[in-house]
Amino acid sequence: MRDGKGPIGGSLLKWYDAHARVMPWRVSPADRAGGMRPDPYRVWLSEVMLQQTTVAAVRDYFHRFTERWPDVAALAAAEDADVMAQWAGLGYYARARNLLKCARVVADELSGQFPQTAPELQKLPGIGPYTAGAIAAIAFDAPVPVVDGNVERVVSRLFAVQTPLPTAKPELTELTAQITPDQRPGDFAQAMMDLGATICTPRNPACAICPLIGACAAQAQGIAADLPRKAAKKPKPTRHGFAYVAVNAAGDVLLERRPDKGLLGGTLGFPGSDWSETPSPAPPFEADWREAPAEVRHTFTHFHLHLRVLTAQVEGNDFTARAQFAPGDLPTLMRKVWDAAQSADLPLSG
DNA sequence: TAAACGTGGGG
DNA sequence: TCCCCAAGTTT
């Protein structure tokens with residue numbers, strides 16, 4: 001079962017050889033067979049970017065990062081602010097902070113070489129069980145289970161696992177280990193994820209064209225679309241707050257960097273109030289603040305946010321120069337705040 | 001262990 | 001409009 005010729009591994013790899021999705025960080029099955037090895041740096045970078053993030057969203061970010069920082073030494077030498085600016089808009093900003101920490105450990109303490117085993121990889125910042133397994137399997141041919149959301153879904157269907165997530169996670173990891181072949185474990189992992197992304201989808205799985213239909217217990221029982229079972233979700237509360245966009249006569253902007261901990265940690269943005277049910281206005285200074293006509297609405301993982309945007313033109317000389325300021329360097333919430341300030345009929349000369 | 005942590009696209 | 005969810009990790 002672990003020789004790559006088991007009913008599941010063999011069928012899946014055959015399917016993958018014909019249908020593997022093309023991605024900038026991936027070496028095709030044919031090139032891989034020809035001896036080409038994926039660059040561990042690119043595998044690591046892509047896997048971190050792909051955490052809870054779609055392939056479509058990652059593509060451009062991956063290109064920009066690898067163009068600017070082609071290897072781990074280059075990234076390790078980057079300024080924090082430059083990395084945060086390049087990451088802006090991709091979300092989960094702890095990933096960017098840990099990415100830089102990890103690059104510096106690898107560059108400064110590991111001679112620029114990534115560890116080759118999952119347990120060693122998992123000691124690095126921002127690398128958990130999934131990413132450690134993915135790097136070990138894809139970059140270093142380690143036959144370890146690689147379990148992401150796709151694989152949880154595929155395996156729960158293959159074996160008709162009724163235990164709800166996340167309780168089922170250990171069980172699914174064990175089942176994945178049982179079907180992971182010693183040959184081409186990296187391709188197997190990527191094949192499982194491709195299958196989950198394109199055929200064994202959350203809704204309306206395309207069982208009729210699935211290469212594993214003959215091995216799928218859930219399909220046999222007619223319950224594929226009902227798996228995996230999941231624990232009920234909590235409702236999202238709505239919080240409110242104020243944001244302040246101050247601009248001087250030259251168009252320079254008042255920005256502040258948030259502390260590394262917590263929501264949007266380490267990112268650049270506009271000063272504001274607390275976010276709560278009844279926030280207190282918190283202008284950074286006295287001014288003729290005028291409110292933008294439309295509220296900014298934004299939804300985070302665990303709450304909705306409504307922000308009232310206030311703008312003022314003031315005499316500020318410690319602001320960020322307008323030429324230095326690009327809205328694209330801000331997280332999406334703050335881009336929305338900037339846009340709301342622009343759309344208002346307000347004294348903004350930027 | 002459960003909660004915190006972003007964003008954009010699809011149904 | 002709203003909910004789901006996407007190659008999870010950290011605390």
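Helix 12 gives the largest share of the surface near DNA strand C, four residues. The model is predicted: local features need pLDDT of at least 70, side-chain atom pairs count only at pLDDT 80 or more, and totals for chains, interfaces and linings use all residues. Residues are numbered from 1 along each chain as its sequence is written, while chains are lettered from A and ligands numbered from 1 in the order in which they are written.

**View 1. The surface near DNA strand C.** DNA strand C is surrounded by 28 residues. A residue is near a strand if its C-beta atom, placed from the backbone, lies within 6 Å of it. Leu50, Gly128, Tyr130, Thr131 and Asp148 are the closest. Helix 9, helix 10 (149-158) and helix 12 are the elements that give two or more residues to this surface. Helices (H or I, at least four residues) and strands (E, at least two) are DSSP runs, numbered from the N terminus. By class, the surface has eleven nonpolar, twelve polar and five charged residues. Here Ala, Val, Leu, Ile, Met, Phe, Trp, Tyr, Cys and Pro count as nonpolar, Asp, Glu, Lys and Arg as charged, and the others, Gly among them, as polar.

**View 2. Helix 9 against helix 12.** Helix 9 covers residues 129-140 and helix 12 covers residues 185-198. They pack at an angle of about 125°, and their axes are 6 Å apart. Axes are lines fitted to C-alpha atoms, for helices over the stretch in contact, and angles run from 0 to 180 degrees between N-to-C directions. The two helices are therefore oblique to each other. Angles under 35 degrees count as roughly parallel, over 145 as roughly antiparallel, 65 to 115 as roughly perpendicular and the rest as oblique. Ala134, Ala137 and Ile138 of helix 9 make the contact with Pro185, Gly186, Ala189 and Gln190 of helix 12. Residues are in contact if their C-beta atoms, placed from the backbone, lie within 7 Å. Five of these residues are nonpolar, two polar and none charged.

**View 3. Helix 1 against helix 12.** Helix 1 (residues 7-19) and helix 12 have axes that come within 9 Å and cross at roughly 75°. That makes helix 1 roughly perpendicular to helix 12. The contact divides into eight nonpolar, one polar and two charged residues.

**View 4. Strand 6 and its partners.** Strand 1 (residues 238-248) runs parallel to strand 6 (residues 304-314), joined by eleven bridges. Strands pair if DSSP finds at least two bridges between them. Tyr244 stands opposite Leu310 of strand 6. Strand 4 (residues 290-291) pairs with strand 6 in the antiparallel sense over two bridges, and Arg290 has Thr311 as its bridge partner. Strand 5 also runs antiparallel to strand 6, over four bridges. Arg297 stands opposite His306. Strands 5 and 6 form a hairpin with four residues between them.

**View 5. The surface near DNA strand B.** Of the 21 residues around DNA strand B, the nearest are Gly91, Tyr93, Thr301, Pro331 and Thr332. Helix 4 (55-68), strand 5 (296-299) and helix 14 (332-343) each give two or more residues to this surface. Its classes are ten nonpolar, ten polar and one charged.

Notes
Two residues are in contact if their C-beta atoms, placed from the backbone, lie within 7 Å.
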